[in-house]
Amino acid sequence: LETLADRFLAAWTSQDVDQVLACYTDDLVYRDPNTRGDVHGANAMRRYLTKLFSAWEMTWTRREVHSLASEGGIVLLWHATFRKSGGDTTVEADGMDLVILQGGRARRNEVYFDRAILAPLLAQ
């Protein structure tokens, strides 16, 4: 599970859309505090990631990973850094992902963190 979690976070840290999409099923459902609802499917996720990665520079590292054996998934606790693209201010946050897996890829991914931590960056 740690290897899976590290691969997942490395893909997100790479900010390479295709590398991130390779971690997901084609019929994925994704949600984070910035999506204002669910993102359904690989094409919608591609559009979301393209916009996200053009606006933000982000890194993630694993803090903990826990198995959800009955659901075939993981709970991934992480530490992240966020910076607006081209900016000089970085903020740090801790959060978690709920990831339901299918064939070693994420079918459902819900991200939880306190979006208020981004306020200093959004004011720039």
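Modeller: Ground rule: a polar contact is a pair of N or O atoms within 3.5 Å; within protein, one has to be able to donate a hydrogen and the other to accept it, and residues adjacent in sequence count only if both atoms are side-chain atoms. Also, this is a predicted model, so local features need pLDDT of at least 70 and side-chain atom pairs count only at pLDDT 80 or more, while totals for chains, interfaces and linings use all residues. Residues are numbered from 1 along each chain as its sequence is written, and side-chain values use heavy atoms, with hydrogens and water left out.

Biologist: OK. What does the side chain of T35 reach at 2.6 Å?

Modeller: The backbone oxygen of G37. The T35 side chain also has a polar atom 3.0 Å from the backbone oxygen of D32.

Biologist: And where is T35 found?

Modeller: In the loop between β1 (24-31) and β2 (39-40). Strands (E, at least two residues) and helices (H or I, at least four) are DSSP runs, numbered from the N terminus.

Biologist: Is T35 buried or exposed?

Modeller: Buried, because its relative accessible area is 15%. The cut-offs are under 20% for buried and over 50% for exposed, with partly exposed in between (1.4 Å probe, protein chains only).

Biologist: Which residues is T35 in contact with, leaving aside neighbours within four places in sequence?

Modeller: Y30 and Y48. Contact means heavy atoms within 4.5 Å.

Biologist: What about R36, buried or exposed?

Modeller: R36 counts as exposed, because its relative accessibility is 83%. R36 lies in the loop between β1 and β2 and has a positive phi of about 55°, although it is not a glycine. Most residues other than glycine have a negative phi. Q15, in the loop between α1 and α2 (17-21), also isn't a glycine and has a positive phi of about 55°.

Biologist: Switching to the sheet: what's the strand order?

Modeller: It's an open sheet of 6 strands, β2-β1-β6-β5-β4-β3, with mixed pairing. β2 and β3 (56-68) stand at the edges with a single partner each, so one side of each has no neighbour in the sheet. Two strands pair if DSSP finds at least two bridges between them.

Biologist: How many bridges join β1 to β2?

Modeller: 2, and the strands run antiparallel. Y30 has V39 as its bridge partner in β2.

Biologist: And how many join β4 to β5?

Modeller: 10, antiparallel again, with A80 opposite A93 in β5. Those strands form a hairpin with 6 residues between them, and G86 in the turn has a positive phi of about 80°. β5 and β6 are antiparallel too, joined by 8 bridges; their hairpin has 2 residues between the strands, and G103 there takes a positive phi near 60°.

Biologist: Which strands does helix α3 lie across?

Modeller: α3 (residues 41-55) lies across β1, β2, β3 and β4, at about 55° to β1. Axes are lines fitted to C-alpha atoms, for helices over the stretch in contact, and angles run from 0 to 180 degrees between N-to-C directions.

Biologist: Last topic, pockets. Which element gives the largest share of the lining of the largest pocket?

Modeller: α3, with 6 residues. The lining includes R36, V39, Y48 and W56. On a 1 Å grid over the protein atoms alone, a pocket is an open set of points where a 1.4 Å probe fits, with protein on both sides within 12 Å along at least five of seven lines; lining residues have an atom within 4 Å of a point.
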